[in-house]
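My entries follow the order in which I looked things up.

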Amino acid sequence: TALAYETIEVNRRLPLLEPMSEIAGRMSVLVGGYFLAKHYGGSGTLLGGVPGVLPGRVVVLGGGTAGVNAARMAQGLGADVTILEVDLERMRFLDITLHTAHTLYSNAAHLMDLLPNVDLLIGAVLLPGAKAPKLINRAMLRQMRPGSVVVDIAIDQGGCAETSRPTTHHDPVFVEEGVTHYCVANMPAAYARTATQALTNVTYRYIELLADGGLQEACEKQPALLGGINVMGGN
């Protein structure tokens with residue numbers, strides 16, 4: 001019997017995946033800014049800028065948990081942040097909570113307008129239980145400046161850029177069309193202590209239910225567990 005964290009849904013949310021999305025979102029800006037450094041093949045742009053020099057431009061695809069955490073970190077560094085989203089209610093929420101970030105309806109035309117000037121593009125799109133949609137094709141990537149960076153958080157679900165392929169923490173980046181790609185599967189493993197504590201906080205109550213009453217009783221008490229069952233009795 002196998003229960004998967006990432007398919008347990010409560011009120012259209014994925015509570016056991018959220019801590020990992022929060023870490024990956026925050027981390028995406030740290031690694032993105034790191035690989036923008038000139039000696040790593042980046043454009044040499046400091047995301048926060050300095051007095052007299054404009055800050056770097058960050059575009060976040062998706063305003064979910066990972067996206068909003070990426071935007072918060074980029075905003076905190078002083079970058080110019082734009083979030084692309086399709087859910088209008090979510091955009092209103094982002095507009096109210098992220099005071100200096102811009103929101104923009106997500107479509108190919110808006111993305112093409114932004115790409116020539118973006119320094120860091122963060123892919124934070126998630127379709128629960130499905131492959132990530134390919135929002136960036138190779139032709140779009142060619143619009144980006146050499147030395148800009150793409151961080152594809154969605155790589156665990158196949159990635160949201162056509163040029164993305166999974167990498168590791170030991171060899172995290174590769175270059176396609178002059179753009180540095182960071183596509184590490186399981187990004188939160190880099191910050192294992194924080195990740196473990198965050199995961200334990202949200203999973204403990206479910207584990208306690210399973211340990212105390214077994215699967216059937218646990219599912220009766222917490223029906224969300226049913227969505228987590230991926231393998232059972234050889235099926």
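**Entry 1: conventions.** I note that this is a predicted model, in which local features need pLDDT of at least 70, side-chain atom pairs count only at pLDDT 80 or more, and totals for chains, interfaces and linings use all residues. Residues are numbered from 1 along each chain as its sequence is written, and side-chain values use heavy atoms, with hydrogens and water left out.

**Entry 2: the whole chain.** I looked up the secondary structure and found six helices and nine strands. Helices (H or I, at least four residues) and strands (E, at least two) are DSSP runs, numbered from the N terminus. The radius of gyration is 19 Å, close to the 18 Å from the globule rule for 235 residues, so the chain is as compact as a globular protein of that length. The radius is taken over C-alpha atoms, and the rule is 2.2 Å times the number of residues to the power 0.38. Along the principal axes, the C-alpha atoms fill a box of roughly 60 × 40 × 30 Å.

Entry 3: Buried means under 20% relative accessible area, exposed over 50%, and partly exposed in between (1.4 Å probe, protein chains only). The chain exposes about 12200 Å², of which carbon and sulfur atoms supply 55%; accessible areas come from the Shrake-Rupley method with a 1.4 Å probe, and for residues only the protein chains shown count as cover. Among contacts (heavy atoms within 4.5 Å) between residues at least 6 apart in sequence, 63% join residues at least 24 apart. I also recorded 17 positive and 21 negative side chains, with the centres of the two sets 5 Å apart. Lys and Arg count as positive and Asp and Glu as negative, while His and the chain ends are not counted; each charge is placed at NZ of Lys, CZ of Arg, CG of Asp or CD of Glu.

**Entry 4: paired strands.** I traced the pairing from β5 (residues 120-123), taking two strands as paired if DSSP finds at least two bridges between them. Strand β2 (residues 57-61) runs parallel to β5 and is joined to it by four bridges. Four bridges also join β5 to β6 (residues 149-152), again in parallel. Gly-123 of β5 is the bridge partner of Leu-61, and Gly-123 also stands opposite Asp-152 in β6. From β5, Leu-120 and Ile-122 point one way and Leu-121 and Gly-123 the other, and all are buried. β2 pairs with β3 (residues 80-85) in the parallel sense over five bridges, and Val-60 stands opposite Ile-83 in β3. Four of the five residues of β2 are buried, so this strand is largely enclosed by the rest of the structure.

**Entry 5: a residue in α6.** I placed Arg-193 in helix α6; Arg-193 is exposed, with a relative accessible area of 66%. Arg-193 and Val-60 are 133 residues apart in sequence and 26 Å apart in space, C-alpha to C-alpha.

**Entry 6: positive phi.** Most residues other than glycine have a negative phi. I noted that Asn-11 has a positive phi of about 50°. Asn-11 is in the loop between β1 (2-3) and α1 (18-35) and is exposed, at 70% relative accessible area. Asn-186 also has a positive phi, near 60°. Asn-186 is in the loop between β8 (179-182) and α6 (192-221) and is partly exposed, at 42%.
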